Amino acid sequence: MQNTATPTHCPYCALQCGMNLTPAPAGSAGTVEVTERADFPVNRGALCGKGRTAPAVLSSRVRLTSPLVRSAAGTLEEASWEEALDRIAERLLHTRVAHGPDAVGVFGGGGLTNEKAYALGKFARVVLGTSQIDYNGRFCMSSAAAAGTKAFGLDRGLPFPLEDIPKTGCVILVGSNPAETMPPSMRYFHELRENGGKLIVVDPRRTRTAEQADLHLAPRPGTDLALALGMLHLVVAEGRTDEAYIEERTHGWEEARAAAMAHWPEYVERITGVSVPELREAVRMFCEPQAAMVLTARGPEQQSKGTDTVGAWINLCLATGRAGRPLSGYGCLTGQGNGQGGREHGQKADQLPGYRKLDDPAARRHVAGVWGVDPDSLPGPGRSAYELLDALGGDVRALLLMGSNPVVSAPRAAHVEERIRSLDFLAVCDVVLSETAALADVVLPVTQWAEETGTTTNLEGRVLLRRQAVAPPPGVRSDLHVLHGLAARFGVEKGFPTDPEEVFEELRRASAGGLADYSGITYRRLAEENGVFWPCPAPDAAVVDGGEDAAPDAPPEDDPAGEDDPAGEDDPAGEADAAPAPGTAPHPGTPRLFLDAFATPDGRARFAPVSHRPSAEEPDEEYPVLLTTGRVVAQYQSGAQTRRVDELNTAAPGPFVELHPRLAARLGAAEGDPVAVVSRRGRAVAPARLTTAIRPDTVFMPFHWPGAGRANTLTNPALDPTSRMPEFKVCAVRLEAVNSARVTGG
């Protein structure tokens, strides 16, 4: 371990807050402690409780330190690395020979570094030859990514840096609660209001974020699409459209306008519960300033119509000229630590590095050339995340899982757990013995954030360098070592280095010319510049004409949404663009996208002609209440790591059911009483938490815990037809007082 402070980044959310790790004082429990890193612009030294306590998970008291192999008696026992890797390779190879390559599945995570995500995708396709790979980020940002690609030709969470938020005139925050999910980001919204800007929060609960808004709209869960359409209707009716902008910079307005005009305000009020005066006030606040933004998160995205819902909010930006202009635009608040980078470099079912499409011949040629394999040897697209989990024990007989805990985090979790248990073989690489790892045949203990070097990409599209600050325990290796060892056992001796910088150098070549072009980014630049925004082409490769606002390789004109070839792979290396002369200065990166043109063939954005439709599961007589789910400030995702930190557990010790006092009175439940929440998929029990901050027709549960209070036992796996996102955010339930007769009234 170094004797001085090591600048690095938090292991948790997509802010990727900067922090310093310094040696802990003699006699303290840990090896390092977190200190302020004020020079990093995203958080400017501020940290939430999760980031501040992150070193607690480095302790051998709570983490894995030796491989585990399931014995003949059915228990997990310590084993050597050689034995564990031999067992994995033997079982995966046996499955592939006996049942074909697609009988082996791979499941990744949005917390893996860019190097790990890249290597995992390459391992699945080159070594295993399987198409069956996806990752848990499918459950996070996929609807926003699909809608952004359709509208703009390019998906990057925020097309502008966070520093632009305080300078705009209005922000509509849809289905996001950053006061709890990413607290250091709230300073941007505080500064927005201090500068005279307005904050509108759309959420069925009056969250900590909503309490700080100028206007809180509380729609019925699942009706965000209708709300956006109703606002667009009023924009048109009140003459607030930017006709010149629409004419010059968009396509598809006539169809989108016709769809919106069918959603008159009174109709939208009946659907959403948001009053017409509130709708009019939101439109006024959004349209009066010269610049405004819409930011969405999981609320509107984790729906079976999430892509259309995000598309409707993008329509609102386009119709008012608030996209591709300074201090304006649509953005997605990405959730997981590397949720952005994790969806760019090949661990998705349909993707190759650089945000290339797996079914595009030119993309396959380019990446296969970097990998030194025949393009025809690469498998085609596979199943999406939930569909892959649903196929376990059937078509997919063995699974290699890295950095995910679907037993807690997946929808219809009891069913997913059952499918995992039915596998012939499961191998898990993780930091801790998660609920999923506890079911494995082999568990490999891997390094975590402070014990390794690697890159992540935050919600702004800023590529960052995490630095190793402490040596891992002797029995722990990195995921890159795992893939190297397994590849060697499959006879692939080269192509899977254990040095993360060497992996990143190959990633640069593989991404060159793609939408997410990292070819101009190096570890040295990341260290010197505090991160670099992609796209950032290499000086000796194609340079995108148009500077910050253009994007590489737009899709062909007959595919305006970019659905068949969003990366424009007919020219994967960018050979149609003039290369700069030798010695040209490095590309500066692209902090702001679309200022002159969108990443489409003609540079114009596409409206989405969408209409409201019900959620996949609406309340009825048997299940009369709506359930929505989310996070609390002291826990993170499935809780596999944060539930092992004493300070965080004291603050958030377990699950609860948040419900309105009127609903509780009908149930006969008081504060703290156990309440059963029952859906068509299962039953969860947790203490009641009464509050008027939630709608009387809705209950809320956080999803961080396993066991009886597991919220995802209840959630609906109905999938968005485009993004394949499950409908986590709305399903029909009934409430029961524990040990009493069923209550059916809503």
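This is a predicted model: local features need pLDDT of at least 70, side-chain atom pairs count only at pLDDT 80 or more; totals for chains, interfaces and linings use all residues.

Q: What is the phi of Gln16?

A: Gln16 has a positive phi of about 50°, although it is not a glycine.

Q: Is Gln16 buried or exposed?

A: Gln16 is buried, because its relative accessible area is 0%.

Q: Where's Gln637, and what about its phi?

A: Gln637 is in the loop between strand 23 (625-630) and helix 21 (646-651). Its phi is near 45°, a positive value in a residue other than glycine.

Q: OK, peptide bonds. Is the one from Trp534 to Pro535 cis or trans?

A: The bond from Trp534 to Pro535 is cis, with omega near 0°. Pro535 belongs to the loop between strand 21 and strand 22 (605-606).

Q: Strand 21, then. Which sheet order is it part of?

A: Three strands form an open sheet in the order 19-20-21, with antiparallel pairing.

Q: Which strands stand at the edges?

A: Strand 19 (454-457) and strand 21 (532-533) do. Each has a single partner strand, so one side of each is left without a neighbour in the sheet.

Q: Which helix packs on that sheet?

A: Helix 3 (residues 114-128) packs there, touching strand 19 and strand 20. The direction of helix 3 makes about 95° with that of strand 19.

Q: How many bridges link strand 20 and strand 21?

A: Two bridges, in the antiparallel sense, pair strand 20 (residues 462-466) with strand 21. Arg462 stands opposite Phe533 in strand 21.

Q: New topic: helices. How do helix 7 and helix 10 cross?

A: Helix 7 (residues 224-237) and helix 10 (residues 265-272) have axes that come within 9 Å and cross at roughly 160°. That makes helix 7 roughly antiparallel to helix 10.

Q: Left-handed or right-handed?

A: The crossing of helix 7 and helix 10 is left-handed.

Q: Which residues meet there?

A: From helix 7 come Ala226, Leu227, Gly230, His233 and Leu234. From helix 10 come Pro265, Val268, Ile271 and Thr272.

Q: How do those contact residues divide by type?

A: In the contact of helix 7 with helix 10, six are nonpolar, three are polar and none is charged.

Q: Where is Leu316, and is it buried or exposed?

A: Leu316 is found in helix 13 (residues 306-319). It is buried, because its relative accessible area is 0%.

Q: What does Leu316 touch?

A: Leaving aside neighbours within four places in sequence, Leu316 is in contact with Ile172, Met231, Leu232, Val235 and Phe286.

Q: Back to strands. What does strand 18 pair with?

A: Strand 4 (residues 68-70) pairs with strand 18 in the antiparallel sense, over two bridges. Strand 17 (residues 425-430) runs parallel to strand 18, and four bridges join them.

Q: Which residues stand opposite each other?

A: Val69 stands opposite Val442 in strand 18. Cys429 stands opposite Leu444 in strand 18.

Q: Which way do the residues of strand 18 point?

A: Val442 and Leu444 point one way from strand 18 (residues 442-445), and Val443 and Pro445 the other way. All are buried.

Q: How does strand 12 pair with strand 13?

A: Strand 12 (residues 293-296) and strand 13 pair in the parallel sense over four bridges. Tyr330 in strand 13 is the bridge partner of Val294.

Q: Last one: Arg343. Where is it, and is it buried or exposed?

A: Arg343 is in the loop between strand 13 and strand 14 (351-352). It counts as buried, because its relative accessibility is 2%.

Q: What is Arg343 in contact with?

A: Leaving aside neighbours within four places in sequence, its contacts include Tyr135, Met141, Asp155, Arg156, Lys348 and Tyr355.

Technical notes:
Residues are numbered from 1 along each chain as its sequence is written. Side-chain values use heavy atoms; hydrogens and water are left out. Axes are lines fitted to C-alpha atoms, for helices over the stretch in contact, and angles run from 0 to 180 degrees between N-to-C directions. Angles under 35 degrees count as roughly parallel, over 145 as roughly antiparallel, 65 to 115 as roughly perpendicular and the rest as oblique. A crossing is left-handed if the near helix is turned anticlockwise from the far one by less than a right angle, and right-handed if clockwise. Contact means heavy atoms within 4.5 Å. Ala, Val, Leu, Ile, Met, Phe, Trp, Tyr, Cys and Pro count as nonpolar, Asp, Glu, Lys and Arg as charged, and the others, Gly among them, as polar. Two strands pair if DSSP finds at least two bridges between them. Buried means under 20% relative accessible area, exposed over 50%, partly exposed in between (1.4 Å probe, protein chains only).
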